[in-house]
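Me: Please take a close look at one part of this predicted model. I should like a connected account of the packing and backbone geometry there.

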Amino acid sequence: MTVEIAPLLRPSRLRYREGLLGECLAEFLGMFVLISFGLGVAATAVAALPGSGRTAGATTNFVGVGDWVTPVLGWGLAVTFGIYVAGGVSGAHLNPAVTLAFAVRRRFPWAKVLPFMAAQLIGAFAGAALVYAVYHDAISALEQALKGPKTSGHSLNTFSIFGTFPAPYFHGGVWGPFLDQAVGTAFMLMFIMAVIDLRNPAVRVFMGPLVIGLAVAAIGSSYGANAGYAINPARDLGPRVFAWAMGWGQLALPGSLPGAFSNYFWVPIIAPLVGGVIGVLVYDLFVGDVLHARDQATKPPEVGCTRPVTSAKESVAAVSRLE
């Protein structure tokens, strides 16, 4: 907009938002948007559509592999709009794994790492609270309709709206899900690096968030079923803490279901952090360094400096010119 918009706060208070505080506020709001829409699509698929009579039964949500498209696209769009909201202020990390990877390889100040992560975590918690407030009735109806054993009065079905857990074929093991989360996050960081690297065929600035959202959707389509498609420590931990506070008990923290998995909560925290660093290192090793070498090769020598002699033929030519 070309029309100047008057600030809501007095100028004396605005100056505190110019730096880190303003960036953390943007990370909070961007993450709030991401989680509100991401968990919102999960709540719609798991509880609201079945309860509203729009599926085959009150407890029927996913009946075929094609149904996975809904949450995958929903999460991709959630990431897209979260980045659009926060990108102009903080760069829209919206993921502790991204923040850590940027600190390791993109000169992001280490002093900002923990504040960014805290803002992301709080934003995720707040987004989960909003989704619960909107879909509380649908979640309660689903809990009443579901039969069978429950933990603290809650089912794994409703917990899946908020947190992730491993597929049954892992038989409670953590290293399969750990690898899944590390690989998914590594791919996400590679895609992000490719999108924002101006030395690569550049994506127009306003298209960047959409391309990254599509990348997240692609990861969900390829690596989403093994362990719930977290690839973001704040996305899982913030809603998980909220679910624990709302009564999901050990399903949320420490992430245990007797006979299925136990103490799982740390996997979607640590694995994405590891995967994110691996992803940026792999991109730089295979692509970033190549682009850097080509960029250096095309730069003209500085004024007053001679180009280094690289072969015997060039050395002889240089001497003959002097003669």
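**Helix geometry and packing**

Reply: Helix 2, residues 20–51, has 32 residues and should therefore span 46 Å at 1.5 Å a residue; its end C-alpha atoms lie 44 Å apart, which agrees with that expectation. Just after helix 2 comes G53, whose phi is positive, at about 85°.

On the side of helix 7, the residues in contact are D180, V183, G184, F187, M188, F191, I192 and V195, and they meet G208, V211, I212, A215, V216, I219 and Y223 of helix 8. By class, the residues of this contact between helix 7 and helix 8 comprise twelve nonpolar, two polar and one charged.

Helix 7 also packs against helix 10, residues 267–297: the two axes come within 6 Å and cross at roughly 40°. Helix 7 and helix 10 are therefore oblique to each other. The crossing of helix 7 and helix 10 is right-handed. To this contact helix 7 brings P177, F178, Q181, A182, T185, A186, L189, M190, M193 and A194, while helix 10 brings V267, I270, A271, P272, V274, G275, G276, G279, V280, V282 and Y283. The residues of the contact of helix 7 with helix 10 divide into 16 nonpolar and five polar, with no charged residues.

Two loop features complete the account of the backbone. Most residues other than glycine have a negative phi, and most peptide bonds are trans. H171 is not a glycine, yet its phi is positive, at about 55°. H171 lies in the loop between helix 6 (156–159) and helix 7. The peptide bond that joins L253 and P254 is cis, with omega about 10°. P254 is placed in the loop between helix 9 (233–248) and helix 10.

How values were computed. Residues numbered from 1 in each chain as written. Predicted model: local features only at pLDDT ≥ 70, side-chain atom pairs only at ≥ 80, totals over all residues. Heavy atoms only, no water. Contact = heavy atoms within 4.5 Å. Helix = DSSP H or I, 4+ residues; strand = E, 2+ residues; numbered from the N terminus. Nonpolar A, V, L, I, M, F, W, Y, C, P; charged D, E, K, R; others polar. Expected span 1.5 Å × (residues − 1). Axes fitted to C-alpha atoms, helices over the stretch in contact; angles between N-to-C directions. Parallel < 35°, antiparallel > 145°, perpendicular 65-115°, else oblique. Left-handed = near helix turned anticlockwise from the far one by under 90°.
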